Amino acid sequence: MQSLLGEEADRFAHVVATFDRVRRLFGFKRVELPVLEPTAVFARSLGETTDVVSKEMYSFEDRSGDSVTLRPEFTAGIARAFLTEGWQQFTPLKVATHGPAFRYERPQKGRFRQFHQLDAEILGAGEPQADVEVLCFADQLLRELGLGDTVVCKLNTLGDPATRSAWRDALHGHFAAHRADLSEDSRDRLDRNPVRILDSKAHQDWPIVDSAPVIDDYLTSEASDFFAAVTSGLDAAGVRWERAPRLVRGLDYYRHTAFEFVTDALGAQGTVLAGGRYDGLIEALGGPHTPAIGWAAGIERLSMMIDAPAVEAPLAVIVPMGTAAEQAGVRILAELRRSGITADMGLRGNMKKRMARAASSGAAHVIILGETEVESGTAQVKDLATGEQRAVAFDMLHAALSA
Ligand code: ATP
Ligand code: MG
């Protein structure tokens, strides 16, 4: 779990601000969700056999003995709120949020136990246009972060339930034939959920995964039409994508479109954004059939990749010398800030120290206030770029600095 200051915190904030700007462009409503949910919300949504539920959740009993869990992701909580808060009346509902998520994982570069996600979902939309919409949102976010060329969209379809069960049987046959060479984790998954072996992180599984049957041979014509509509929409919108016929998602609730935006700039933790269609989830939680699609992105991973955002420097720093000047400085500072000028005041050390500190803050101007200045109601304003200095009446400071 990280604590951030300075440039790292600025990068984080820049990712969030960019997300929020693009969210508005796309008309996704902001939602806020609890960090804590009943454990059942995640266990039922994500599937008991997934890594997240079986190994990674921060779950505990609260004082009344109820099992609660710190959210490991957003989608399950959004689906829960959709049902318990009456959001069903607003479908199709485009929502977005961001905040902390928790997974008990082995910490490493780009992998934390408290991390932060951006999240976007469309609930109650079964049309392939909804898939195109969320993918365009993801694509534009990454472009605006300057990552358009470093991150690639890998796209697959997991088909409809008929497709998936036929493919699952084929995968089971293939992996069973290689049972002895599979990693322990994958042998474990073989009978419970062979599809997830495709997502294995164990190197010894990779050659077996590479020769596994691909979904295309099992796609029903409905599933293949749906996927064609998604890809032609992406092409029309100018979103670049690559087919990844063995891409699956770690969680059980996905159908049809599945995608990951990946980079090779972050080593093993190369997935920055991932998601897909989860038409069966809300029904599995006891609600009506509600097709839906969405994605989540790791803020830390995105922050590590972007250029450092420009440092936010004050436009002016006031350097007062003496008690009367400090008084006047407090008033001027308040007035400048009320008129929208970023300003600060230096109160420590001698004149030289204060001037040096003002310069190193990146300020454009220093407003010098001494006894004479207070008496005449005129400050000395020094332009730190040119070194030029001029007298400006107190009530003209705002105008002079804005010019
Ligand atoms: P990974 O394969 O890296 O474990 P995942 O498939 O578990 O990722 P998702 O559940 O799809 O991840 O979460 C979406 C995004 O959240 C990931 O693509 C990643 O950017 C980020 N993320 C997931 N887990 C972590 C973590 N422990 N620390 C930092 N970021 C994370
Ligand atoms: Mg994971």
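Asp119 stands opposite Ala296 in E11. The model is predicted: local features need pLDDT of at least 70, side-chain atom pairs count only at pLDDT 80 or more, and totals for chains, interfaces and linings use all residues. Residues are numbered from 1 along each chain as its sequence is written, chains are lettered from A and ligands numbered from 1 in the order written, and side-chain values use heavy atoms, without hydrogens or water.

E6 and E11 run antiparallel, joined by 7 bridges. E10 and E11 also run antiparallel, with 5 bridges. Ala274 has Ala296 in E11 as its bridge partner. Strands here are DSSP runs of at least two residues, numbered from the N terminus, and two strands pair if DSSP finds at least two bridges between them.

## Cover on E11

Of the 7 residues in E11, 7 are buried (under 20% relative accessible area, 1.4 Å probe, protein chains only). Ala292, Gly294, Ala296 and Gly298 point one way; Ile293, Trp295 and Ala297 point the other. In a regular strand, side chains alternate between the two faces of the sheet.

## Around ligand 1

The shell around ligand 1 has 16 residues, and Arg103, Glu105, Arg111, Phe112 and Arg249 come nearest (near: a heavy atom within 4 Å). Polar contacts are pairs of N or O atoms within 3.5 Å. A polar side-chain atom of Arg249 lies 2.5 Å from a ligand 1 oxygen. For the side chain of Arg111, the distance from an N or O atom to a ligand 1 oxygen is 2.9 Å. Gly298 brings a backbone N or O atom to 3.2 Å from a ligand 1 oxygen.

Strands E6 (114–123), E10 (271–277) and E11 (292–298) each give two or more residues to this shell. E10 gives the largest share, 4 residues.

Key:
Polar contact = N/O pair within 3.5 Å; in protein donor to acceptor, adjacent residues only side chain to side chain. Buried < 20%, exposed > 50% of the residue type's maximum accessible area, 1.4 Å probe, protein only.
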